[in-house]
Amino acid sequence: MWKWFHQLASPPHFYRIAPTFSLVLLLPGLALIAYGVYAGLFLAPMDYQQGDAFRIIYIHVPSAYLSLMAYMIMAVAGGIGLIWRMKLAHAVAASAAPLGAWFTFLALATGSIWGRPMWGTWWEWADPRMMSELILLFFYFGYMALRGAIDDTAKADKASAVLALVGVINVIIVHYSVTWWSSLHQGQTIMAKEGPAMDPGMLYPLLANIFGFTLLFGSLILRRTRTEVLFRERRTRWVKEMILAPEGQR
Amino acid sequence: MTAQLSAENLTLFRGDRCLFRGVGFALNSGELLILEGSNGSGKTSLMKAIVGMLDLEKGVVSWNGMPVAEQRQVFHGALVWTAHRVGLKADLTLVENLRFEAALRPQGSDDLETVLERLEISRLKPLPLRSLSAGQQRRVALARMLLADVPLWLMDEPFTNLDREGRALVMELVKEHLDKGGMCVMAAHQDVEIDAPVKKVVLQ
Amino acid sequence: MMESLAMGGYGAYVWTCFGLAAAVLIINEWRVRARQATVYKEIEVRIKALEDSA
Amino acid sequence: MTNPERHMPSMTSGLLAVARRDLLLAWKRPGDVLNPLFFFAMVCTLFPLAVGPSAEQLTFSGPGVLWVAALLAMLISLNSLFISDFDDGSLEQLLISPQPLPLVGLGKTISHWLTSGLPLVLVSPIVAITYRMPGDVVLVLMLTLTLGTVSLSLLGSIGAALTVGLHRGTALLSLLILPLSMPVLIIGANTVSLAAGNETYSAGIWALAAYAVGTLSLAPYATAAALRISNE
């Protein structure tokens, strides 16, 4: 098991197999999203309170979920890289950050668009989830800025891993403090909570989209990491041999 | 008997550049190790790697037969490193600086006054470090070494900014330290004339 | 048909969101591919140049 | 060769020595201590000028303004936490001293708090009175600022350690520290607002205290790790 893991983590091996794995994730992901989007838009019954506007949930929730997951991946991969000095883990963390930031942006944008018909405003300061998401976006910016500011890759990896680990604890505290804060300032309508008793016709497309987005995210991160590995290993012998190998054998 | 300070197969990369590869040495008490090489050949980096400030690509530095990574505090308690920069505060006086250093590591029996006399900086005592010349500041860094009770001295280009007299003094002090059973690692690009067992590591 | 596309008056909001999602996914897919191509190209040029000079 | 009674300085002697040395340095350069205080006072002056001087306005926005100004003043003072030690090479010397690095960093952070957090706490009543804050609320403000600035010093030391030695460190430091400090700001400012509105506010105090204890026990390790990385 351990040996298998080590082999997987070796850069040339990872570089070779990543496209296959990525495709294995991509195809079912696209299928799930195709179903989820179609069913979410046209088959799912209308919400009795929000009308058809609730259909935004099929984008909003998956992207909010991925924004958090990407941050977790970043922190965990950074921790693994720090403790076990695994270079691949740092490459994963580096690739997770921009993807996570994109999905955070998507969650914020869809949340804001959803808020317009529901709250009558593009931005509701008192909604704790939107605020947490916004601060999460700031965390991503800080992380990427720190990475960008350090020229030495090995140093950037380690420094940003420390930041991600400190940040992951704080993201949780931010969430609690923002929730407490918004409870002080109620009066405005807060987005209705989606209860557990969701109509199956509404729920299944949502689950399909969450899984589909996750698979797609997995596929993207694998390929991003692959490029990152190639760039970081650009002066090694295996890269040189691969590039100089005849066309068919790459 | 294993050497007190030893290193095996040290390899260090800075970014893509390999600074040194496969460096090894073994140093016993009473011996001097000289790191030779032109400017930019990685002498300072090798020294930083020995004290554990840099992450080595490969290789182990051992102190009394045990890797220093496993006993960082013990190892750091056994050395003083006079780096390229003196590492003292310019706003504090000579005495304030040395008193601070004394709180960090074990101190020998020599009192401050004797050591300062020896280094001929006794009369500069009340001055803040910023009003001292570069050579005088070097001497304060030497005082830090003499006051500490440690077996291992690491010196990065100890002769810069010193006049002929100062250089002779450094060699004399190192010789005394070695005679007492101490060890010294010195990075130098000029000849060192010290009558003691000398080992060398040459960096390209 | 038009009625179901109008989303009960919320069409503009719903379709913008789905459009944004599609855009973000496509941008990321494209960025991943573009970056792989640039990095590969850069490395290829450099290695071949070194090989020729050797 | 080493003398048989060779005694290693105790674990805390490094912490105390570093704290003492930094206080001494601050004493010799009072400007470094005063500048953030002036900044604090000036930011607090800007708000009435921008939003109007009515008494109602001031009492309403006072807690928030004071807290934001304090946060920014802390941020300004954090810039120099490790820079001068990095520049003159004494940070290297601290890294290879036989003292545990988390405690050395903690020593620097303690001195930082004493020279920036504590003065802010002491100056805040003067500004608070101009914002027409009643006496008992001022006490709550001082208490929240005390607990909050402790957390900010500790969190800030992580950021300062991560950015020391970088070219564009200053702007970067704010980008790293501001998101981290949001819980402190939220809880601190709103606790004072609650107190001003005659509502129960003890939960906020406890939360700030818990946060301070949490950062006190974790931040020194992160700072130490960051310092080692920055000095590679």
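A: Terms first: helices (H or I, at least four residues) and strands (E, at least two) are DSSP runs, numbered from the N terminus. This is a predicted model, where local features need pLDDT of at least 70, side-chain atom pairs count only at pLDDT 80 or more, and totals for chains, interfaces and linings use all residues. Residues are numbered from 1 along each chain as its sequence is written, and chains are lettered from A and ligands numbered from 1 in the order in which they are written.

Q: Chain A, then. How many helices and strands?
A: Eight helices and zero strands in chain A. From the N terminus on, the order reads α-α-α-α-α-α-α-α. The C-alpha atoms of chain A fill a box of roughly 65 × 40 × 30 Å along the principal axes.

Q: What share of chain A counts as buried?
A: 45% of its 250 residues. Buried means 20 or more other C-beta atoms within 10 Å of a residue's own; exposed means 12 or fewer, partly exposed is in between, and the C-beta atoms are placed from the backbone.

Q: And how much of the contact in chain A comes from residues 24 or more positions apart?
A: 79% of the contacts with a separation of 6 or more. Two residues are in contact if their C-beta atoms, placed from the backbone, lie within 7 Å.

Q: What phi follows helix 3 of chain A?
A: A positive one, near 50°, at A:Arg85. Helix 3 itself covers residues 57-84 of chain A; its 28 residues should span 40 Å at 1.5 Å a residue, and the end C-alpha atoms are 39 Å apart, which agrees. The expected span is 1.5 Å times one less than the number of residues.

Q: Where is the kink in helix 4 of chain A?
A: At A:Ala96, about 25°, shortly before the proline A:Pro98. The bend at a residue is the angle between axes fitted to the seven residues ending there and the seven starting there.

Q: Is helix 4 of chain A mostly covered or mostly open?
A: Mostly covered, with 25 of its 33 residues buried. Just after helix 4 of chain A comes A:Gly120, with a positive phi of about 80°.

Q: Switching to the assembly. Which chains share the most contacts?
A: Chains B and D, out of four pairs of chains in contact. No contact joins chain B and chain C; their closest C-alpha atoms lie 14 Å apart. Chain C and chain D do not touch either, with nearest C-alpha atoms 25 Å apart.

Q: How many residues of chain D are in contact with chain A?
A: 20, against 22 residues of chain A. On the chain D side, helix 7 (135-163), helix 8 (169-196) and helix 9 (202-230) each give two or more residues. Helix 8 of chain D gives the most, with 10.

Q: Inside chain D, which residues of helix 2 meet helix 3?
A: Among them are D:Phe39, D:Phe40 and D:Phe47, which belong to a contact that includes D:Leu58, D:Leu66 and D:Ile76 of helix 3. That contact divides into 16 nonpolar, three polar and no charged residues.

Q: Where is B:Asn64?
A: In the loop between strand 4 (58-63) and strand 5 (66-67) of chain B. Phi of B:Asn64 is positive, near 50°, in a residue other than glycine. Most residues other than glycine have a negative phi. B:Asn64 is partly exposed, because it has 14 other C-beta atoms within 10 Å.

Q: And what phi has B:Glu157?
A: Positive, about 45°, although B:Glu157 is not a glycine. B:Glu157 sits in the loop between strand 7 (152-156) and helix 6 (164-179) of chain B. With 18 other C-beta atoms within 10 Å, B:Glu157 is partly exposed.

Q: Last one. Is B:Leu124 buried or exposed?
A: Buried, because 21 other C-beta atoms lie within 10 Å. B:Leu124 is in the loop between helix 4 (112-118) and helix 5 (134-147) of chain B. Not counting residues up to four places away in sequence, B:Leu124 touches B:Leu94, B:Leu132 and B:Gln136.

Technical notes:
Ala, Val, Leu, Ile, Met, Phe, Trp, Tyr, Cys and Pro count as nonpolar, Asp, Glu, Lys and Arg as charged, and the others, Gly among them, as polar.
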